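Please look at the sequence and the model before reading the points below.

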Amino acid sequence: MNSFNLLKSIADARPSLRKSEQKVADYVLANPNEVIHMRIVDLASEAQVSEPTVVRFCRALDYDGFQDFKLTLAQGLASNASYEQFSLDSKDTVIEFKQKIFDSMIGNLINIRDQLDPNLLEEAIDALAKANRVEFYGFGASAPVCADAQHKFYRLMVSAAAYSDPHMQTISALTLGEGDVVVAISQTGRTKDLLHTVKLVRDKGATVITLCPGNTPLAELATIPIHVDVEEDKDLSTLMSSRVVHLVIIDILAVGMAMKLGPALVDHLKTIKRSLRNLRQNDKRIPPMRRPSTDTGGE
């Protein structure tokens, strides 16, 4: 578990902790870098609790004790130190905000990689491999992700479609049945039109895979929920880390399905690649200079 996941688990667990343990949680969340250098007596003093309370706090999070907890926190902070969330400043240079955007994106990818449940991914891949039809639903910034997903799965010989129009989604939903799969993609998990069509899909007996934040209405409707909890600067509408993360998860599902379908699919993909060559312009770049011949016989 990295530091982001550990701190998130503390924040999630906080309401269920005792009041004295919540004091420890609040101090750790506010001062994670200081906690890794503290003794248990130091943390107890700063949080204004007893040492046994610190131990109970650690055990409530499934750690053996303070040292075990502190080690995990330190390892996570060391590995993610360069990838903290950021805020842009009007005085930032191109070099500065380029660095911030890349570092934040990398950090989000690492965090989601560590959060993803492999069992749910396996379940989703199985459902997709057995599906009669696969439909991708999404609005706004999620629509291009759906189009990319349709492209990837169509290459895998899957009857796939992508819809970002609420009317077309409704029509699609009403034609589905058992054995069909809908992948609903949302950055918020709260889009009303998407919730409406997903409910129709569930009523028809089809499987629903969701790519959205956990603890949202859309995630609750899922047959197979894949939680994508991305920390983003909500004031920067152009910085959509979740869109990139969704694209990567689609790649994971597509690769998993390709591996499950086996060698026959590999031959099909090779055929597609050969066919697409005719659509590309010949590469007229000058080839690298050949090394002089060592043949003393000349040309």
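A residue counts as buried under 20% relative accessible area, as exposed over 50%, and as partly exposed in between, with a 1.4 Å probe and protein chains only. By this definition Asn 215 is exposed, with a relative accessible area of 71%. The model is predicted, so local features need pLDDT of at least 70 and side-chain atom pairs count only at pLDDT 80 or more, while totals for chains, interfaces and linings use all residues. Residues are numbered from 1 along each chain as its sequence is written, and side-chain values use heavy atoms, with hydrogens and water left out. Helices (H or I, at least four residues) and strands (E, at least two) are DSSP runs, numbered from the N terminus.

**The sheet**

- Five strands form an open sheet in the order E2-E1-E3-E4-E5, with parallel pairing; two strands pair if DSSP finds at least two bridges between them.
- E2 and E5 stand at the edges and have a single partner strand each, so one side of each lacks a neighbour in the sheet.
- From one strand to the next, the twist averages 15°.

**Strand E4 and its partners**

- Five of the six residues of strand E4 (residues 207–212) are buried, and the strand is thus mostly covered.
- Strand E3 (residues 181–185) pairs with E4 in the parallel sense over five bridges, and Ala 184 stands opposite Thr 210 in E4.
- Between E3 and E4 the chain passes through helix H11 (residues 192–203), and this β-α-β crossover is right-handed; that is, with the strands pointing away from the viewer, the path from the first strand over the helix to the second runs clockwise.
- E4 also pairs with strand E5 (residues 224–227) in the parallel sense, over four bridges, and Ile 209 stands opposite Ile 224 in E5.

**Helices**

- The twelve residues of helix H2 (residues 19–30) should span 16 Å at 1.5 Å a residue, and the end C-alpha atoms are 17 Å apart, which agrees; the expected span is 1.5 Å times one less than the number of residues.
- The buried residues in H2 include Glu 21, Gln 22, Val 24, Ala 25, Tyr 27 and Val 28.
- Two packed helices are described by the angle between their axes and the distance between the axes.
- The axes of helix H7 (residues 94–115) and helix H13 (residues 241–261) come within 10 Å and cross at roughly 45°.
- That angle makes H7 oblique to H13, since angles under 35 degrees count as roughly parallel, over 145 as roughly antiparallel, 65 to 115 as roughly perpendicular and the rest as oblique.
- Axes are lines fitted to C-alpha atoms, for helices over the stretch in contact, and angles run from 0 to 180 degrees between N-to-C directions.

**Individual residues**

- Asn 215 lies in the loop between E4 and helix H12 (217–221), and has a positive phi of about 55° although it is not a glycine.
- Met 157, in the loop between helix H9 (143–155) and strand E2 (160–163), has a positive phi of about 65° although it is not a glycine.
- Met 157 is exposed, with a relative accessible area of 55%.
- Ala 147 is located in helix H9 and counts as partly exposed at 41% relative accessibility.
- Ala 147 and Ser 164 are 17 residues apart along the chain, and their C-alpha atoms are separated by 9.0 Å.
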